[in-house]
Amino acid sequence: MKKFVSLILTLAFVFSLNPMNTNAASTYPDLGSVSWAKDEILYLSDQGIISGYPDGTFRPKEEVTRGQVALMVVRDLYPNATPTKANPFNDVEKGKYYTKAVRVAYEKGIINGYPENLFKPEAYITRAEVAVIVDRAYEIKRQGNASGFPDDNKYPWAKESILDLNSLNIINGYPDGTFKPQNDITRAAFAKVLGATINPDFRPKDDVKAHFIDVGQGDSTLIQTPSGKTILIDGGRKSAGQKVVDYLAKSGINTIDLMVATHPDADHIGGLIDVLQQVQVKQVLDSGKTHTTDTYYEYLQVIDQKNIPFNTAKAGQTLDLDGLDIQVLNGKRNSSDNNDSSIVLKVSHGAIDFMLTGDAPTEVEQELVRTYNVEAEILKVGHHGASNSTAAAFVKEVDPEVGILSYGSNSYGHPTSSVVERLWSAGVKLYSTCDQGTITVTTNGSSYNVDKIPFDGTDNCGTNVSPDPEPKPDPEPAKVNVNTADFETLQTVNGIGPTIARNIIDYRNANGPFQTYEELLNVKYIGPSTLEKIKPYITL
């Protein structure tokens with residue numbers, strides 16, 4: 001679904017200059033200046049609706065004529081029709097490339113002539129005329145209440161047609177808000193309109209916004225649909241919860257239509273607790289993976305107290321929220337590792353896709369590549385840029401244009417230089433929440449915009465990665481101080497689970513800081529083998 005680059009102003013049909021069909025991208029060497037209409041031109045050319053010139057060019061900036069418009073419309077709607085009545089026009093000569101099409105279009109009531117039996121086939125056609133012809137030929141049904149343009153009253157005979165087409169985003173106005181109905185239309189602009197008329201995939205959609213909220217070392221993504229529906233995916237650590245609530249309030253959001261908890265790690269669900277307590281949440285989609293932390297229990301308790309509908313994600317299911325195509329690509333409740341359980345979502349709006357992977361490791365990525373189409377323009381880089389996610393094979397299949405790195409100051413070395421360099425080598429523009437704060441991607445389904453500047457390898461969190469073709473070893477994570485670390489941080493040490501973490505804190509509270517590593521043997525469930533296992537990763 002890749003890369004339809006669209007422009008605001010346009011309307012039009014398709015066209016062809018003579019009977020010669022020139023229908024391949026390689027035969028149109030002059031489309032570079034109209035990249036915003038290239039996809040539509042090539043689509044219509046492949047359908048045999050428009051043609052180029054005998055010299056192989058398309059001449060996209062030339063104005064389209066009435067004869068060309070008649071030919072394009074008839075080629076699409078009535079390719080096998082022949083005139084049944086005498087030629088009514090004195091200036092439509094026998095044998096011209098447009099003669100048959102003009103007569104058919106006239107007999108079908110699509111296009112009219114002028115007084116004195118004239119058609120003026122070589123005359124340029126205006127935006128107002130195109131709107132009327134397209135509306136008449138394709139019987140466009142208006143959707144919603146089109147607001148119109150300040151200058152469409154100048155052409156009352158075309159106003160209703162302009163509104164019909166504008167309501168479906170087939171034709172739009174200029175950046176200054178006007179329509180300029182009297183302006184002639186170029187061949188490229190005409191292709192843009194006709195392409196959107198025939199194939200709805202070419203129509204610009206209303207905006208979807210994806211906010212990658214800066215929650216420090218964690219993940220939180222807010223998606224807003226065109227009609228204002230909201231999806232909140234994760235909420236960072238518990239300490240970031242109020243920040244997420246404040247961001248929602250600042251954005252005018254008081255209801256979350258769908259909350260997604262990708263997996264039960266504290267840096268993903270902790271902040272959801274404040275959201276659940278302070279914001280109306282209509283339903284929760286959870287991985288189903290259980291955990292033993294206080295954070296996880298509190299998260300479930302609030303959902304239960306508020307009687308919020310709670311569902312478990314299933315790989316392969318699709319969700320429909322306000323026209324967004326949302327695919328669940330992963331969700332495992334019985335995996336041995338929390339990260340393996342990460343809900344992975346592919347969210348599509350028109351031709352633009354978001355791949356949101358939570359903390360899914362490379363093993364899960366391999367399953368995704370084997371099972372699904374994972375191509376996406378926007379990738380939220382897995383596990384904050386850790387080395388156990390975002391494998392080269394996955395990057396190749398996703399083929400992202402933009403990568404979002406969500407992280408804060410941390411002792412894990414996130415993002416790792418190997419992942420950053422791998423994405424850079426693939427031509428991916430990276431954006432960092434630690435470097436730029438909250439990052440918002442806005443898309444109309446054809447194109448997208450990122451509101452921050454790309455990550456250059458340095459940030460406010462101590463990251464310093466320079467583009468380098470040679471992979472660098474991942475940095476060693478900083479040691480955890482067992483005298484000061486909180487409950488969640490202690491559990492990041494390999495060998496310390498929730499029970500031992502709680503026992504360490506209870507011992508500290510009762511006896512003061514640990515003076516020696518051997519004193520840890522006094523903590524319940526820490527024996528000599530456990531001490532040797534955790535010792536390389538801790539400090540006093």
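The largest pocket in this predicted model holds about 1300 Å³ of space. Its lining is made up of 42 residues, and the ones closest to the centre of the pocket are H383, Y412, Q491, T492 and V493. What kinds of residues make up the lining of the largest pocket? They divide into 19 polar, 13 nonpolar and ten charged residues. As for how such a space is found, rolling a probe the size of a water molecule over the atoms shows where empty space is left.

Let us turn to the backbone, starting with a proline. P415 belongs to the loop that runs between strand 14 (402-405) and helix 13 (417-425). The peptide bond leading from H414 into P415 is cis, and its omega is near -5°.

Another backbone detail to look for is a positive phi in a residue other than glycine. You will find T390 in the loop between strand 13 (378-380) and helix 12 (392-398). T390 counts as buried because its relative accessibility is 1%, and the cut-off for buried is under 20%. N169 also has a positive phi near 60° without being a glycine. Its loop joins helix 5 (156-167) to helix 6 (187-198). Is N169 buried or exposed? With a relative accessible area of 19%, N169 is buried, because the cut-off is under 20%.

Now for the aromatic rings. A search through the whole structure turns up eleven aromatic pairs. One of them joins Y155 and W157 in an edge-to-face arrangement, with 5.7 Å from centre to centre and 75° between the planes. Those two values are given because a pair of aromatic rings is described by the distance of the centres and the angle of the planes. Y155 itself is partly exposed, at 23% relative accessibility. Elsewhere, F89, Y106 and F119 come together as one aromatic cluster.

The charged end of K180 sits over the ring of Y174, at 4.6 Å from the ring centre. In another case, the charged end of R187 sits over the ring of F58, and here the distance to the centre is 4.3 Å.

Next, consider what the record says about the chain. The UniProt entry, which is unreviewed, carries the annotation "domain: SLH" for residues 24-87, 88-144 and 145-208. In the model, residues 88-144 are 37% helix and 0% strand, with their end C-alpha atoms 39 Å apart. For residues 145-208 the figures are 38% helix and 2% strand, and the end C-alpha atoms lie 20 Å apart.

V64 counts as buried because its relative accessibility is 0%. From V64 to N145 there are 81 residues along the sequence, and their C-alpha atoms are 30 Å apart in space.

Finally, step back to the whole protein. Its secondary structure comes to 17 helices and 19 strands. Along the principal axes, the C-alpha trace spans about 105 × 50 × 40 Å. The protein has 540 residues, of which 55% count as buried.

Technical notes. Residues are numbered from 1 along each chain as its sequence is written. This is a predicted model: local features need pLDDT of at least 70, side-chain atom pairs count only at pLDDT 80 or more; totals for chains, interfaces and linings use all residues. Side-chain values use heavy atoms; hydrogens and water are left out. Buried means under 20% relative accessible area, exposed over 50%, partly exposed in between (1.4 Å probe, protein chains only). Rings of Phe, Tyr and Trp (its six-membered ring) pair if their centres lie within 6.5 Å; planes under 30 degrees apart count as stacked, over 60 as edge-to-face and the rest as tilted. A charge sits over a ring if NZ of Lys or CZ of Arg is within 6 Å of the ring centre and within 35 degrees of the ring normal. On a 1 Å grid over the protein atoms alone, a cavity is a set of points where a 1.4 Å probe fits but cannot get out, and a pocket is an open set with protein on both sides within 12 Å along at least five of seven lines; lining residues have an atom within 4 Å of a point. Grid points are joined across faces, edges and corners, and a volume is the space filled by probe spheres set on the points. Ala, Val, Leu, Ile, Met, Phe, Trp, Tyr, Cys and Pro count as nonpolar, Asp, Glu, Lys and Arg as charged, and the others, Gly among them, as polar. UniProt positions are given in the numbering used here, feature names are shortened, and annotations may be inferred rather than shown by experiment. Helices (H or I, at least four residues) and strands (E, at least two) are DSSP runs, numbered from the N terminus.
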